[in-house]
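Please examine the structure shown below.

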Amino acid sequence: MFSSSVDASAREVAIQLLARREYSRAELARKLQQKTFDADEISACLDALAEQSLQSDARFAESFIRSRISRGQGVIRIKGELRQRGVDQETQAAALAAVEEREAVDWFELARETLERRFSTPGDSPKERAKRERFLAARGFDFEQIRYALSCL
């Protein structure tokens, strides 16, 4: 499978990382580069891991999306964080659709619940309302979801 001991150790490092949690291909590549593995070795290692289904950007994206939904984050922020982790838009869209379908995600209700957890009282003054809007926008909710959440509190 792997000819040199350097390849085997790159594989071992990658598998140790994947044993703890899912990683995107780009994240794994970055981690292996930090360990000073050669770019060709990293590429070959990651290709082999993907072939064996030990690393999958689609699986990583779905897991990541579920974890961020449980934290009360909106789709805008989730997509941005996935992009930062090197997941392409096609994989993002497929993973998001799969999670939304399986878990029946209602982004409007998630925005309301997130706001409710953070602020127990309604913000009557324009300053308080703006504070709540900024909070939800930073969490990655769009304008319509923010408006809905504020109308429910």
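Arg25 is partly exposed, with a relative accessible area of 27%; here buried means under 20% relative accessible area, exposed over 50%, and partly exposed in between, with a 1.4 Å probe and protein chains only. Asp47, at 36% relative accessibility, is also partly exposed. The model is predicted, so local features need pLDDT of at least 70 and side-chain atom pairs count only at pLDDT 80 or more, while totals for chains, interfaces and linings use all residues. Residues are numbered from 1 along each chain as its sequence is written, and side-chain values use heavy atoms, with hydrogens and water left out.

The side chains of Arg25 and Asp47 form a salt bridge, 2.7 Å from N to O. A salt bridge is a side-chain nitrogen of Lys or Arg within 4 Å of a carboxyl oxygen of Asp or Glu. Side chains of opposite charge can pair when their charged atoms come close. Arg25 belongs to helix H2 (residues 25-34) and Asp47 to helix H3 (residues 39-51), so that the pair links distant parts of the chain, 22 residues apart. Helices are DSSP runs (H or I, at least four residues), numbered from the N terminus.

The structure holds 14 salt bridges. Another of them joins Glu62 and Arg102, whose closest N and O atoms are 3.0 Å apart. This pair also connects distant parts of the chain: Glu62 lies in helix H4 (residues 57-70) and Arg102 in helix H6 (residues 89-103), 40 residues apart. Glu62 is buried, with a relative accessible area of 18%, whereas Arg102 is exposed, at 55%. Glu62 and Arg102 are linked with Arg66 and Glu103 in a network of salt bridges.

A further salt bridge is found between Arg132 and Glu128, with the closest N and O atoms 2.8 Å apart. Both residues lie in helix H8 (residues 126-138), four residues apart, about one turn of the helix. Arg132 is buried, at 4% relative accessible area, and Glu128 is partly exposed, at 29%.

Which residues line the largest cavity? They are Arg112, Leu115, Glu116, Ala149, Cys152 and Leu153. A cavity is a set of points on a 1 Å grid over the protein atoms alone where a 1.4 Å probe fits but cannot get out, and its lining residues have an atom within 4 Å of a point. Helix H7 (107-118) and helix H9 (143-152) each give two or more residues to this lining, and H7 gives the most, with three residues.

Conventions
On a 1 Å grid over the protein atoms alone, a cavity is a set of points where a 1.4 Å probe fits but cannot get out, and a pocket is an open set with protein on both sides within 12 Å along at least five of seven lines; lining residues have an atom within 4 Å of a point.
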